[in-house]
Amino acid sequence: PTLRSDPPANATGRGGGNRFGGPAELAAGEPGATGTIGFPAIAATKMAGPPERMALEGAYFTALRAARRYEIKGDELTLHGDAAAVATFKAAPKAD
C-alpha cells in the first residue's frame with residue numbers, strides 16, 4: 001500500500017490492488033514532527049484481486065479510517081489511532 005499527500009489537503013495512493021483518494025484533515029503539532037490527521041471520506045476503485053491482496057487492502061483502509069495522529073521520525077511516517085500505531089510508512093527515494 002502507498003499513501004501520498006497532494007496539496008492542498010488530499011490523500012491518494014494504492015490500497016493493495018485499487019487506487020484511492022479523498023480529503024485529508026491535517027493539523028500540525030510540533031514543527032514537522034507530530035500533529036492530528038484524519039481521512040473522513042476515502043473513495044476507491046473497485047477492481048477485484050486475489051483474496052490475500054483484498055484482505056491487505058481492507059486492513060489498510062481500516063487503518064487509515066482509524067488514524068487520529070501522525071508522527072514523523074527521519075524518513076518514517078507513523079499513523080496512530082486512539083490507543084496504538086495503525087500504520088508506518090517509509091519515504092520513497094526521490095526520483096532524479
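Which helix is Leu 64 found in? Keep that in mind while you get your bearings.

**Before you click.** This is a predicted model, where local features need pLDDT of at least 70, side-chain atom pairs count only at pLDDT 80 or more, and totals for chains, interfaces and linings use all residues. Residues are numbered from 1 along each chain as its sequence is written, and side-chain values use heavy atoms, with hydrogens and water left out.

**Stop 1: the whole chain.** Switch to a cartoon view. You'll have 1 helix and 9 strands on screen (DSSP runs, numbered from the N terminus: helices are H or I with at least four residues, strands are E with at least two). Trace the chain from the N terminus and the order is β-β-β-β-β-β-α-β-β-β. The radius of gyration is 13 Å, close to the 12 Å that the globule rule gives for 96 residues, so the chain is as compact as a globular protein of that length (the radius is taken over C-alpha atoms, and the rule is 2.2 Å times the number of residues to the power 0.38). Along its principal axes, the C-alpha trace spans about 40 × 40 × 25 Å.

**Stop 2: the helix and Leu 64.** Select residues 51-66: that's helix H1, and Leu 64 is in it. Is Leu 64 buried or exposed? It counts as buried, at 0% relative accessibility (buried is under 20% relative accessible area, exposed over 50%, partly exposed in between, with a 1.4 Å probe and protein chains only). Across the whole chain, 28% of the 96 residues count as buried.

**Stop 3: who touches Leu 64?** Leaving out residues up to four places away in sequence, show Phe 20, Phe 39, Ile 42 and Leu 79, which Leu 64 touches (contact means heavy atoms within 4.5 Å). Now put a distance on Leu 64 and Leu 79: they sit 15 residues apart along the chain, with their C-alpha atoms separated by 8.0 Å.

**Stop 4: the core.** Next, select Ile 37, Phe 39, Tyr 60, Leu 64 and Leu 79, which touch the most other members of the 13-residue largest nonpolar core (a set of buried Ala, Val, Leu, Ile, Met, Phe, Trp, Tyr and Cys residues joined through side-chain atoms within 4.5 Å). Two elements give two or more residues to this core: H1 and strand S9 (85-90). H1 supplies the largest share, 3 residues.

**Last stop: Tyr 60.** Not counting residues up to four places away in sequence, Tyr 60 touches Pro 1, Thr 2, Leu 3, Arg 14, Gly 15, Phe 20 and Phe 89.
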